Amino acid sequence: MTMGKIIFYEDRNFQGRSYETSSDCADMSSYLSRCHSCRVESGCFMVYDRTNYMGNQFFVRRGEYSDYQRMGMSDCIRSCRMIPMHRGQFRMRIYERENFGGQTVELMDDCDNMMDRYRMSDCNSCNVMDGHWLMYEQPHFRGRMMYLRPGEYRSFREMGMSGMRFMSMRRIMDSCY
């Protein structure tokens, strides 16, 4: 299995000092004063506009990202998380309310419109049993997103996602690499 590799640059269009990594980085300020572009040589990563994997998130895979603003970042990239490749089944249970309350749905594949498919208008907590997932605030995998790896997520609001409604979910599969 190959490791991911990403190179961050201080300025747009891959200019200025650079920092290369194959793992998570909670705070890039010790390597770069700012980060405005990146190049993914292999693997998949989530990049964040705040330290400690907070703030706006953006999914990146092999390719060039010449301008952080086109990625939906309000500020420069400040942290990143490597997404390990997952082979096997995908399973996630989503809940209408915080702390696993209200209507519940179990997903094993992508859902492009939660309201149309499940008549569920809100999702405020979830339990990811298998695989790595992206949740999007708009149907058809658009808008701001949030990366979820296996674990329990009791409150999206407490994770800094207050005011966001998640309307579609997608598995991060081998084809992303």
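**Charges, strands and contacts in a predicted chain**

The mean positions of the 25 positive and 23 negative charges of the chain lie 1 Å apart. In this count, Lys and Arg are positive and Asp and Glu negative, while His and the chain ends are not counted; each charge is placed at NZ of Lys, CZ of Arg, CG of Asp or CD of Glu. The structure is a predicted model, in which local features need pLDDT of at least 70 and side-chain atom pairs count only at pLDDT 80 or more, whereas totals for chains, interfaces and linings use all residues. Residues are numbered from 1 along each chain as its sequence is written, and side-chain values use heavy atoms, with hydrogens and water left out.

The chain contains two helices and 12 strands, where helices (H or I, at least four residues) and strands (E, at least two) are DSSP runs numbered from the N terminus. Read from the N terminus, the order of elements is β-β-β-β-β-β-β-α-β-β-β-β-α-β.

The overall dimensions can be considered next. A compact globule of 177 residues would have a radius of gyration near 16 Å, and the 16 Å of the chain agrees with this; the radius is taken over C-alpha atoms, and the globule rule is 2.2 Å times the number of residues to the power 0.38. The C-alpha trace spans about 50 × 35 × 25 Å along its principal axes. The accessible surface amounts to about 8700 Å², with 41% of that area belonging to carbon and sulfur atoms; such areas come from the Shrake-Rupley method with a 1.4 Å probe, and for residues only the protein chains shown count as cover.

Of the 177 residues, 47% count as buried, a term that means under 20% relative accessible area, with exposed meaning over 50% and partly exposed in between (1.4 Å probe, protein chains only). Among contacts with a separation of 6 or more, 66% are made by residues 24 or more positions apart, contact meaning heavy atoms within 4.5 Å.

N127 counts as buried because its relative accessibility is 16%. Setting aside residues up to four places away in sequence, N127 touches R91, M92, R93, Y95, F100, G151 and E152. V128 also lies in strand β8 and is buried, with a relative accessible area of 3%. Although V128 and M92 are 36 residues apart in sequence, their C-alpha atoms are 4.3 Å apart. With residues up to four places away again excluded, V128 touches R91, M92, W133, L148, R149, P150, G151 and Y153.

L134 is located in strand β9 (residues 133-138). Its relative accessibility of 2% is why L134 counts as buried. Beyond its neighbours within four places in sequence, L134 is in contact with M46, F59, M145, M146, Y147, S168, M169, R170 and I172. L134 and R149, 15 residues apart in sequence, are 8.9 Å apart from C-alpha to C-alpha.

The charged side chains form a further set of links. Side chains of opposite charge can pair when their charged atoms come close. A salt bridge is here a side-chain nitrogen of Lys or Arg within 4 Å of a carboxyl oxygen of Asp or Glu, and the count by this rule is 15. One of these joins E10 to R17, with the closest N and O atoms 3.5 Å apart; E10 is buried at 8% relative accessibility. Another joins D11 to R34, with a closest N and O separation of 2.6 Å. This pair links distant parts of the chain, 23 residues apart, since D11 is in strand β1 (residues 5-11) and R34 in the loop between β2 (15-21) and β3 (37-50). D11 is partly exposed at 24%, and R34 is partly exposed at 32%.

R93 and E106 also meet in a salt bridge (2.7 Å, N to O). The pair connects distant parts of the chain, R93 in strand β6 (residues 91-97) with E106 in strand β7 (residues 101-107), 13 residues apart. Both partners count as partly exposed, R93 with a relative accessible area of 28% and E106 with 35%.

Two loop residues complete the account. N13, in the loop between β1 and β2, has a positive phi of about 60 degrees although it is not a glycine, and is partly exposed at 47% relative accessible area. N52, in the loop between β3 and β4 (54-65), has a positive phi of about 55 degrees, again without being a glycine; N52 is partly exposed at 49%.
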